[in-house]
Amino acid sequence: MNTRSVAAQGRGQARRAANSTAVEAGARAGFGARGIIYVLVGALALQIAFSGGGGKQADRGGAIAEISEKPFGQIALWLLGIGLVGMALWRLSEALFGQAGPDGDKASKRAMAAGRFVFYGFAAYSVLSFAAGESGSGGGSSDQQSQDITAKVLGWPGGQWIVGIGGIAVACAGIWIAVRAIMRKYHKHLKMTEMSKKVRRALDISGVLGGTARGAVFATAGGFAVAAAVQHDPDQSKGMDDTLRSFTETPVGPWLLVVIAVGLVAFGVFSWFNARYRKV
């Protein structure tokens with residue numbers, strides 16, 4: 001057996017490992033965990049819209065804190081963190097071996113999977129750190145974190161350009177997320193033939209509404225980052241909580257935030273549909 005065939009056999013074994021039942025279970029657990037976080041963030045945003053939120057944060061930290069206050073909250077946090085680890089490992093397998101589907105080996109898709117691996121890896125670390133008793137990690141304010149990072153980058157040579165380009169990238173990502181949701185591009189990733197008509201209808205309501213709301217949040221946060229770069233003021237940068245609160249400052253008052261909050265809850269439900277029907 002020559003070196004080339006040995007290498008090919010090794011790659012085949014690695015790919016089979018990446019497509020294993022364990023990786024699939026991790027991915028589905030990750031979608032379930034993501035759904036829980038978005039439903040809680042949306043519920044917290046609704047509280048902000050109607051009563052100011054009572055000092056609670058409408059972001060991942062706020063969702064983690066909300067879970068920790070419930071009976072068996074620590075156990076729930078450990079399960080949530082493990083689910084996010086599963087999501088991170090699945091994204092890593094996609095980055096290394098390609099995604100499901102005919103174009104899953106494209107370099108662009110692998111790069112996006114690698115970025116998602118980093119994101120979910122950090123999210124998992126935050127949740128598990130909080131569950132382990134490091135309350136300053138997972139439960140920290142996304143607004144303060146955003147301002148601290150922006151201030152640090154603005155102090156670098158060319159920092160304004162870096163922050164500005166980063167903000168534009170986040171805003172464009174938000175628009176891309178919303179457009180793809182409206183066009184229902186998620187259909188190709190799901191086992192549509194296994195769904196009844198009622199399930200498909202519920203999927204599309206949650207997918208379109210949820211994806212559009214999520215995209216709007218990303219696009220708005222990116223706009224604030226651009227403003228921070230232009231004004232050289234890190235306080236202009238906003239995390240998820242302050243971004244959501246900014247929707248109450250529009251001419252329609254808190255009602256735009258209500259729509260966005262309902263959309264985030266819908267995205268959580270959409271994540272649960274992915275947990276059941278995603279092609280992994």
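This is a dialogue on reading side-chain features in a predicted model.

Trainee: What are the ground rules here?

Mentor: The model is predicted, and local features need pLDDT of at least 70, side-chain atom pairs count only at pLDDT 80 or more, and totals for chains, interfaces and linings use all residues. Residues are numbered from 1 along each chain as its sequence is written, and side-chain values use heavy atoms, with hydrogens and water left out.

Trainee: How many aromatic pairs are there?

Mentor: Rings of Phe, Tyr and Trp (its six-membered ring) pair if their centres lie within 6.5 Å; planes under 30 degrees apart count as stacked, over 60 as edge-to-face and the rest as tilted. The count by this rule is six aromatic pairs. For F267 and F270 the ring centres are 5.9 Å apart and the planes stand at 40°, so this pair is tilted.

Trainee: Where do F267 and F270 lie?

Mentor: Helices are DSSP runs (H or I, at least four residues), as are strands (E, at least two), numbered from the N terminus. Both F267 and F270 belong to helix α10 (residues 255-277), three residues apart, about one turn of the helix. Together with Y38 and Y186, they form one aromatic cluster.

Trainee: Is F267 buried or exposed?

Mentor: Buried means under 20% relative accessible area, exposed over 50%, partly exposed in between (1.4 Å probe, protein chains only). F267 is buried, at a relative accessible area of 4%, and F270 is buried at 7%.

Trainee: Which helices do the buried residues of α3 pack against?

Mentor: Contact means heavy atoms within 4.5 Å. In helix α3 (residues 60-68) the buried residues are G61, G62, A63, I64, E66 and I67. The buried residues of α3 pack against α2 (21-51), α4 (73-97) and α5 (107-131).

Trainee: Which residue caps the N-terminal end of α3?

Mentor: A polar contact is a pair of N or O atoms within 3.5 Å; within protein, one must be able to donate a hydrogen and the other to accept it, and residues adjacent in sequence count only if both atoms are side-chain atoms. The cap is D59, with a side-chain oxygen 3.2 Å from the backbone nitrogen of G61. In helix α4, the side chain of S93 reaches the backbone oxygen of W90 at 2.6 Å. S93 is buried, with a relative accessible area of 9%.

Trainee: What does F247 touch?

Mentor: F247 lies in the loop between α9 (240-246) and α10 and counts as buried at 8% relative accessibility. Leaving out residues up to four places away in sequence, F247 touches A216, V217, T220, G253, L256, L257 and I260. F247 and T220 are 27 residues apart along the chain, with their C-alpha atoms separated by 9.3 Å.
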